[in-house]
Every structure is written in C-alpha cells, then in structure tokens.
Amino acid sequence: MIERKKIYNPNSNEKVNERKIFGGNPTSIFELNKIKYQWAYNLWKVMLANTWLPEEVNMNGDKRDYANSLTPEEKIGYDRALAQLIFMDSLQTNNLIDNVNPYITCPEINLILVRQAFEEALHSQSYAVMVESISANTDEIYDMWRSDMQLKAKNDYIANIYETLAQNPTESNLLKAMFANQILEGIYFYSGFTFFYTLARSGKMLDSAQMIRFIQRDEVTHLLLFQNMIITLKKEMPHLFTKTLEEEVMEMFKKAVEVESAWGDYITQGKILGLTSEIIHEYIKYLADDRLKKVGFQPLYNAKHPIKWVDSFSSFNAQRTNFFEKKVTNYSKGSINFDDF
C-alpha cells in the first residue's frame, strides 16, 4: 500500500537526491531552485509557454458547416466524437487531482500534474465552446455519455481502471494507472482527434480542427510526463516491473485497441470519406505500438502509420503552412525539443 503525501511536513529532512516519484517523504514546500528530475522542470516551462484560451478560435464557420455542409452521418460522428472527448477530459481532470497527484511525492512532478489538470479542465471549456457554437441541442451531446449505450460501455471500462487505484492504492496499481494514462492520452484521445482532422481535410469544420490542434499540443506534454515517470521508475524501482506487470500492461493495451477500434467503427459508420474500418484499426494499432515502444516495451502489432497526413494537420512547428487558413503562420511558443526529455 502507498500513503497519500502530507500537505505540510515540517519534520521532513529529505534531500533533493532522496526525492522519489512516490514513496518519498517531502516537506511539501516547492523548492524549485533544487530539482532532481530536470525533464520535469523543462516540461513545466513548455506547458507554461503553451498557454492558450478557447476563445482564441472563432467558431462561426463551423456553425455554418454543421448546419449546411455536413452529411447526416458526419453530424452523428461529430456529436459522438465530441461527447467522448467531453467525458475523457472530465474524467482525467478529477483523476489527476484526486487519484494520482496525492501519491506523488516529488514537488517538480506535483507541479506539472497540477498544470495538466488545469489543461484538462481548459479542454472541457473548449468542448463547451464547440458545442454551444454548433449544436441546436447542447443537452443532447452532454447527455450522450449516459444515453448512448456504446459510449457508456466504453466510458465504464476506462473509468474502472482508475477506480482500481482509488479503491486499492498500491505501488503496482499506481504504476498501472500511469500506463492507463498512456492509453487514454495516447490512443483514445488521438483516435478521437483524427475524426475532426478528417472532416477538415475535406474542407469542413475547420474551426473545430483548429481547436483540436491546440488541445493535442497539450496532450503531447501529457504523454511525455507519464512516459518519463514510467521510464524513471523503471530505473529507480525495477522490482515493480515484473513479468506479471508486463503481461497485465500488454492486456490493457490489447483491450484498449479492441475497445477503440469498435468505437471508431461506431462513430464513422463506414460512411466517412478517408476513414475506412481498415485504416481506423491499423492506426489504433500503430498508436498502441508507438506508446509501448516509448516506454521500453515490445510492440504488439508492428503496425504501420496508415494516415501520415494527420501528423501535418496536428503539428505546431516553428513555422509552417496553416492548412486551415492557407497561409504561413508562426507558432514559436511552446515548441518542444524532445532531446530535453
């Protein structure tokens, strides 16, 4: 079992080099002139530089597109994809604050977990802007997590993984929650984002895709956070990385691929140009392989990236052509040098 850290611990004499991701004895004072995990502080500065507000994106064009340009199938897919993102960011905001951060005993990591929770809440505000802008019935989208049985089944599965940690806070369950974060941020979110980029590629709902790009830029840092925590724990607490844990993690990823592939088929209904069932399944397998390899595990599928154009639509490079506005735009703030992590 692991214990929640104390919010005030004047009796602690823990030195910087004694800090642990969990299981430490912190004073709970943020002495940020003393850093053990430099990658965490580097990531904190990137996250600060990425600061943005949903109101920066004008949704007027999408209101017209939703009413006049989308097919009935595209409208259904848009609503379902948006409803799923609303649930996941709501879950993640609460999960980080109530379920993960209380057990993390390193101040520079506490710092970025709080920042990530803020960003997840900001994403919820972004979806509210999108729903209010395009939907004639906002309650229908917000109630879909409860009324759509396929969505509810998927949400129940995701939430139950985090509930395991809440009910039984052990070292192993906290580590598995970190892998679950890689799945949530790196498979479920990325798969959902692709639907919006596909519409944008056909010239529809460009404002929504722009909003999603801002959100996905945040998700890159969230992936890096948990990726680095897992890699660091592998070095500092190798006893946790047992054969049993590896088998459980692999099963988590297999199940995630199965769940997300079925969801992808459900929201596209085989009627979204550019997203066949074969492409959806291969892309989700590719995402799973990539997330596993990034934390030192063997890939499950050896899948190839079937829609590389998505990377161009989602990327914020220092200077690039904005596919939506058809002009060169400078996005210098918050650029990531992956050598820092």
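**View 1. Lining of the largest cavity.** Ser191, Thr194, Phe195, Glu260, Gly264, Ile267, Thr268, Leu275, Ile279, Ile280, Tyr283 and Ile307 line the largest cavity. A cavity is a set of points, on a 1 Å grid over the protein atoms alone, where a 1.4 Å probe fits but cannot get out, and lining residues have an atom within 4 Å of a point. This is a predicted model, in which local features need pLDDT of at least 70, side-chain atom pairs count only at pLDDT 80 or more, and totals for chains, interfaces and linings use all residues. Residues are numbered from 1 along each chain as its sequence is written, and side-chain values use heavy atoms, without hydrogens and water.

**View 2. Elements and volume of the largest cavity.** Two or more lining residues come from each of helix 8 (171–201), helix 10 (243–268) and helix 11 (277–294); helices are DSSP runs (H or I, at least four residues) numbered from the N terminus. Helix 10 gives the most, with four residues. The largest cavity holds about 100 Å³ of space, a volume being the space filled by probe spheres set on the points, which are joined across faces, edges and corners.

**View 3. Residue classes in the largest cavity.** Its lining comprises seven nonpolar, four polar and one charged residue. Ala, Val, Leu, Ile, Met, Phe, Trp, Tyr, Cys and Pro count as nonpolar, Asp, Glu, Lys and Arg as charged, and the others, Gly among them, as polar.

**View 4. The second largest cavity.** This cavity, of about 70 Å³, is lined by residues including Tyr157, Ile161, Leu184 and Met252. Helix 7 (149–167) and helix 8 each supply at least two lining residues. The lining has nine nonpolar residues, with no polar and no charged ones.

Methods. 1 Å grid on protein atoms, 1.4 Å probe; cavity = no way out; pocket = protein on both sides within 12 Å on 5 of 7 lines; lining within 4 Å.
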